[in-house]
Amino acid sequence: MRALYLYLSIALVLTLCVSVSTARNQEERLLNHLFKERAYNKEQRPVQSQDEVVDVYLALTLSNLISLKEVDETLTTNVWIEHGWYDHRLSWNASEFDDISILRLPPRLVWLPEIVLENNNDAQFQVAYYCNVLVDPSGYVYWLPPAIFRSSCAINVNFFPFDWQNCTLKFSSLTYNAKEIRMHLKVETDPDTAENFPVEWIIIDPAGFTENGEWEIIHKPARKNIHKDVPLDSSKHQDITFYLIIKRKPLFYIINIIIPSILISFMASLVYYLPADSGEKMTLSISVLLAQSVFLLLVSQRLPETSMAIPLIVKYLMFIMVLVTVVVLNCVIVLNLHFRTPSTHVMTDWTKEFFLERLPRLLHMSRPADSEPQWEGALQRRSSSVGYIAKAEEYFTVKSRSELMFEKQSERHGLTSRATPAAAHRPNAKSELDMTDQLLAEMKPAVDGANYIVKNMKDKNDYNEEKDNWNRIARTVDRLCLVLVTPVMILGTIVIFFMGVYNHPPPLPFEGDPYDYLESNRRVL
C-alpha cells in the first residue's frame, strides 16, 4: 500500500514538472515568435505607416502626498503612473500558444512612449522602478511604474497659514511630438451600463493612501491640454496635467505661532498699567518687541523668498511690531513727563487745563480729594502777649537765679521778696514805649526766621504740588494711550485673521467650467 502511494506521488510530481516545462516552453516560443521571427525593434513606433499616430492613455494613482516645501516651492508625491497603448507587433493568437493571456516583459525590450514629468524640480525624469510591462494577445501594453516626483509648485503666500495651493503634475513626451503620439486620459468601462468614460481625476485608493498631516486635498482633476498656438511637430503642443488643489490645515500654526504671538502682543497693553516709578515699562515693551521679532524670524524660515506678496501672518507681526514701537515711544514720553520737576520745566496754564481737568474727565479718571489737616482740641490764640513778655523779661533780669529758685519757699517761711523797679514805682508812658520798642527789636530776628521758615515750607509745598501735577499728567497720557492702542490692537487682529479664515478654495476646480471632475459624476463618452 505504501508503495502505491509512493508511485502516485512520483507520477503527480512528474506531471506538474512536465506541465510547467510545457508552459515555459510555450512562453519561450512566444517570445521567440514575437522578437526573433517578427524581428521586433523597440526603437520604432508601433505603427503600420509613417503617418499613423500612436494613442497613449495615461492615469495617475496617488498613494501619498509626502510634503510641500514652501521655501523650495517643491511638491513631493508618491504616485503610480498608468500607461496604456497598442502595439500590433506584440499581438498573438492565444490558441497557438497554449492560451497564454498575459505576457510579462521587461520594459527595456519593448517600445515606450517616453512620457516624463515636465515640471520636475530635481531634474529626475525617470521613474523610481522599471517594473515589467503586461501584454495581452490583442497587443495592448499596460505599464504601471511607481515614482516619487518632486514637482515645482508656485506658492501663493498671501494668506499663509490659512492658504490653499494649486499644484500640478504636467506629463508630456520629450521624444515624440503630436504627429507621432496622441496623449489621452485613461478610458474605463462601467460594468453596470457598459458605457465608456474618461478618468478625469487623480485616482486615490483609500486603502493604500496615506493622508498628509498638513495638507487636505480639495480637488484632484485631470485634463488634457492642447496648445493650439504651438505647432504639431513640437513636444509642447499637448500634455496631460494632473491638478492637486490642496488646503493647509492651520492647527499647527495656530497653536505654535498665532496664539503665542497674540498673547505676547497683548502684553504690550500691560505696560500702561505699570507705574513709572517701577522702572520696568521700557523693559516690558522692548521684551515684547524682541519676542515679535523672533516669531517673524521663525515664519520667514518657512516661506519662499519672494517679493510678490506679503503673507498674512507677516502682516500681523509687522502690524504688532509697529504698535509695540508706538508703545515704546509712549513709554519714553510718559517717563519724560513723570520725572519732570519745576526746576527743569514750566507748566503752562493750557497744560493744566487740558491734562489735569478736561482729559481726566473724558477718560473717567478719579482724582483723590484734597484733605486739610484738622487739629482737635486746639486752643485759641490770645490777642496780644506783649505785656506778659515785658513783665517776664523784667522779672528774669532783675532777680537772681537763687531768688527765683527759692522765692516760693521764702514766702512760706515769712520772708519778703525783693521788689522790682517796676513794682517800686510805675514808669511813665514814654518809658513803656521805649521798653516796647526794645522788646520788638529783640523779637524781630525771631519773627524774620519764622517768616523764612513759613516761606520755605510754602515753596516746598508748591514744588511738590507741581511735581505731583507732572505725575498726574504722565498717568493721564498713560490712560490715553491705553484707550487708543488697545482697541486698535484688537480690531487689527480681528480684521487681519478674518481675512485668512474666510479664504477658501473655489467650489469648482476651474473657473468658468461647471464640471466638478469627481468620480461620482462621470462624463460618458
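A residue counts as buried when its relative accessible area is under 20%, and as exposed when that value is over 50%. With a relative accessible area of 4%, Tyr517 is therefore buried. Keep in mind that this is a predicted model. Let's tour a few spots in it, starting with that tyrosine.

**Backbone angles to look for**
- Tyr517 lies in the segment after helix H9 (429-501), and its phi is positive, about 55 degrees, although Tyr517 is not a glycine.
- Asp99 also has a positive phi, near 55 degrees, and is a residue other than glycine.
- You can find Asp99 in the loop between strand S2 (74-86) and strand S3 (103-105), where it counts as exposed because its relative accessibility is 57%.
- The peptide bond from Phe160 to Pro161 is cis, with omega near 5 degrees.
- Pro161 sits in the loop that links strand S7 (146-152) and strand S8 (164-173).

**Ser265 in helix H2**
- Ser265 belongs to helix H2 (residues 251-266), and it counts as buried because its relative accessibility is 0%.
- Beyond its neighbours within four places in sequence, Ser265 is in contact with Val288, Gln292, Tyr316, Ile320 and Met489.

**Helix H5**
- Helix H5 (residues 349-362) has 14 residues, so at 1.5 Å a residue it should span 20 Å; the C-alpha atoms at its ends are 19 Å apart, which agrees.
- Thr351, Phe355, Leu356, Leu359 and Pro360 are buried in H5.
- Just after H5 comes His364, with a positive phi of about 55 degrees.

Definitions and conventions. Residues are numbered from 1 along each chain as its sequence is written. This is a predicted model: local features need pLDDT of at least 70, side-chain atom pairs count only at pLDDT 80 or more; totals for chains, interfaces and linings use all residues. Side-chain values use heavy atoms; hydrogens and water are left out. Helices (H or I, at least four residues) and strands (E, at least two) are DSSP runs, numbered from the N terminus. The expected span of a helix is 1.5 Å times one less than its number of residues. Buried means under 20% relative accessible area, exposed over 50%, partly exposed in between (1.4 Å probe, protein chains only). Contact means heavy atoms within 4.5 Å.
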